[in-house]
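Please keep the sequence and the coordinates at hand while reading.

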Amino acid sequence: MGSVARIERLFHGSSVNRQIFRAAASVTAVGILVKLVAMGKEIAVAGVYGRSDAMDAFLAAALLPSLLVNLISESMNQALVPTLIRVREKEGHDRAQQLLSSSMLWMCLLLTAASILMALTARGFFPLIASQFPVAKLALSIRLFYGLLPIVLITGIATNCTAVLNTFDRFAWPALAPVVISAVTIFAALTLGARLGIWALVYGTVTGSLIHAASVAGMMEAHGYKFRLRWHGMTDATREVAHQYGPVLLSAVLASGGLLVDQSMAAMLPSGSVSALVYGNRFVSVIMALLAGAVSTAVTPYFSRMIAQRDWRGCRHTIRTWVRLTALVSVPVAVLLIVASHFAVRTTFQHGAFGPRDTGVVAFVMAMYAIQIPFVVTSRVFYRFIVAMRRTDLVLRCGILNLILDVALNLILMRWLGVAGIALATSLWTVSTFFFLWYWTRKLLPRQPPAVTSKTRSEEAP
């Protein structure tokens with residue numbers, strides 16, 4: 001009853017926590033719908049392609065485009081949003097529009113340059129990612145990669161527009177927009193899969209991504225920010241974004257390196273191991289997107305505003321409330337997912353080319369991945385506070401530690417548990433991430449609210 005009463009106070013009160021609660025609730029509600037459609041996509045794809053070589057090749061090909069978006073676009077959003085909110089509140093909308101236009105221009109240039117570089121060097125690095133793929137399977141993976149490359153720029157623009165909409169407390173519709181990608185992919189797999197094979201997934205993914213980007217760009221313009229790629233010079237605000245962007249980008253590179261390490265090591269195991277790793281993470285990624293993603297999206301603009309106003313008491317109260325609340329929700333969810341892993345995989349995936357033996361392998365992977373849920377969900381509150389404080393150097397340190405642990409734990413656990421050991425290694429290094437971010441959050445947050453005229457180390461950007 002105490003936990004229920006706490007949630008009621010958050011929702012009905014007039015505090016920042018009430019606003020965050022409503023934002024997180026709307027993102028979660030919409031996210032459930034989006035993930036249900038995405039799960040329908042996975043079920044449809046599993047029924048058409050199973051754990052085949054073609055599916056392995058597609059998953060390996062799809063990994064790098066999504067990683068490039070996370071590296072460049074998501075990192076830009078984390079560096080941009082706190083500064084964009086500060087500029088809009090203190091200097092006005094026009095200066096904020098200029099900052100946004102300059103930042104989006106650089107983001108698009110970086111995404112395009114990265115895509116071209118990856119296209120030119122694909123035949124060199126793909127044998128490293130999929131080292132145990134036969135020649136024909138490797139060649140197919142490279143061709144699929146070329147077909148998927150357009151989504152790097154398209155999805156990057158979509159994520160940037162979504163982050164800008166969140167600064168206006170617009171959460172539900174931007175969160176709903178990605179449903180079109182899954183819907184178009186389902187249609188392509190079911191109607192074109194027999195004729196086009198695995199290429200149906202490529203065409204469906206690119207088409208859905210285009211529709212998604214166009215929809216959120218239209219929403220952003222409707223709320224006052226124009227989609228303009230124009231350079232307005234190196235202002236103080238632009239320098240601040242650039243200064244914060246570097247460490248976040250490098251940290252994302254390290255995190256992406258961990259994903260590549262996992263996929264590469266899975267490719268060294270028996271055929272179908274890459275697919276097992278991806279299928280086993282589907283349920284877990286859905287839960288973390290719903291919980292960690294919703295809370296992370298909701299708290300970001302409010303942390304940025306409170307820090308701009310030097311409201312340390314509000315920051316402290318928000319951190320404590322949301323760490324407790326996310327732990328209260330995520331721990332039982334993780335336990336339930338571990339216990340029900342075999343049932344969930346058998347019910348959803350076991351049909352067509354996906355047999356009982358596949359269910360056993362994927363269920364074990366899923367259980368090992370589920371251990372990370374409470375640590376990832378709660379640590380996102382600390383992470384967003386640290387980024388809003390513009391201490392992205394700490395994010396980089398955490399990324400270095402994670403990559404070292406990921407490689408070491410993979411080498412140990414995959415010999416013991418096979419592909420499930422890779423999933424367990426991921427869960428174990430998220431524990432170290434939680435304690436790292438918790439420690440630095442406590443250190444950065446002043447114990448007592450400072451005087452208005454004082455300047456503390458926590459208030460200043462590094």
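Leaving aside neighbours within four places in sequence, Leu-99 is in contact with Leu-80, Thr-83, Leu-84, Val-87, Ala-237, Thr-238 and Val-241, where contact means heavy atoms within 4.5 Å. Leu-99 belongs to helix H4, residues 93-129; helices (H or I, at least four residues) and strands (E, at least two) are DSSP runs, numbered from the N terminus. Its relative accessibility is 3%, so Leu-99 counts as buried. The scale used here calls a residue buried under 20% relative accessible area, exposed over 50%, and partly exposed in between, with a 1.4 Å probe and protein chains only. Leu-99 also lies 8.3 Å from Thr-235, C-alpha to C-alpha, although 136 residues separate the two in sequence.

The model is predicted: local features need pLDDT of at least 70, side-chain atom pairs count only at pLDDT 80 or more, and totals for chains, interfaces and linings use all residues. Residues are numbered from 1 along each chain as its sequence is written, and side-chain values use heavy atoms, with hydrogens and water left out.

The protein as a whole contains 18 helices and zero strands. Its radius of gyration is 22 Å, close to the 23 Å that the globule rule gives for 462 residues, so the protein is as compact as a globular protein of that length. The radius is taken over C-alpha atoms, and the rule is 2.2 Å times the number of residues to the power 0.38. Along the principal axes, the C-alpha trace spans about 65 × 50 × 40 Å. Of the 462 residues, 55% count as buried. Among contacts with a separation of 6 or more, 84% come from residues 24 or more positions apart.

The accessible surface amounts to about 19500 Å², and 67% of this area belongs to carbon and sulfur atoms; such areas come from the Shrake-Rupley method with a 1.4 Å probe, and for residues only the protein chains shown count as cover. The protein carries 40 positive and 19 negative charges, whose mean positions are 3 Å apart. In this count Lys and Arg are positive and Asp and Glu negative, while His and the chain ends are not counted. Each charge is placed at NZ of Lys, CZ of Arg, CG of Asp or CD of Glu.

The largest nonpolar core has 108 residues, of which Met-55, Phe-58, Phe-145 and Ile-373 touch the most other members. A nonpolar core is a set of buried Ala, Val, Leu, Ile, Met, Phe, Trp, Tyr and Cys residues joined through side-chain atoms within 4.5 Å. Helix H3 (residues 53-91) supplies the largest share of this core, 17 residues. Apart from this core lies another, of 37 residues, including Ala-294, Val-381, Tyr-383 and Ile-386. Returning to Phe-58, and not counting residues up to four places away in sequence, one finds that Phe-58 touches Leu-144, Leu-148, Ile-198, Leu-201, Val-202 and Thr-205.

Three arginines in loops deserve attention. Arg-170 sits between helix H6 (150-166) and helix H7 (172-176), and its relative accessibility of 39% makes Arg-170 partly exposed. Beyond residues up to four places away in sequence, Arg-170 touches Leu-165 and His-223. Its C-alpha is 9.7 Å from that of Ala-298, a residue 128 positions away in sequence.

Arg-310 is found in the loop between helix H12 (282-308) and helix H13 (312-339). Although not a glycine, Arg-310 has a positive phi of about 60°, and at 37% relative accessibility Arg-310 counts as partly exposed. Arg-390, in the loop between helix H16 (373-388) and helix H17 (392-417), is likewise not a glycine and has a positive phi of about 65°. Arg-390 is buried, with a relative accessible area of 14%.

Which helix holds Ala-255? Ala-255 is placed in helix H10, residues 236-267, and is partly exposed at a relative accessible area of 48%. The C-alpha atoms of Gln-244 and His-317 are separated by 26 Å, the two residues being 73 apart along the chain.
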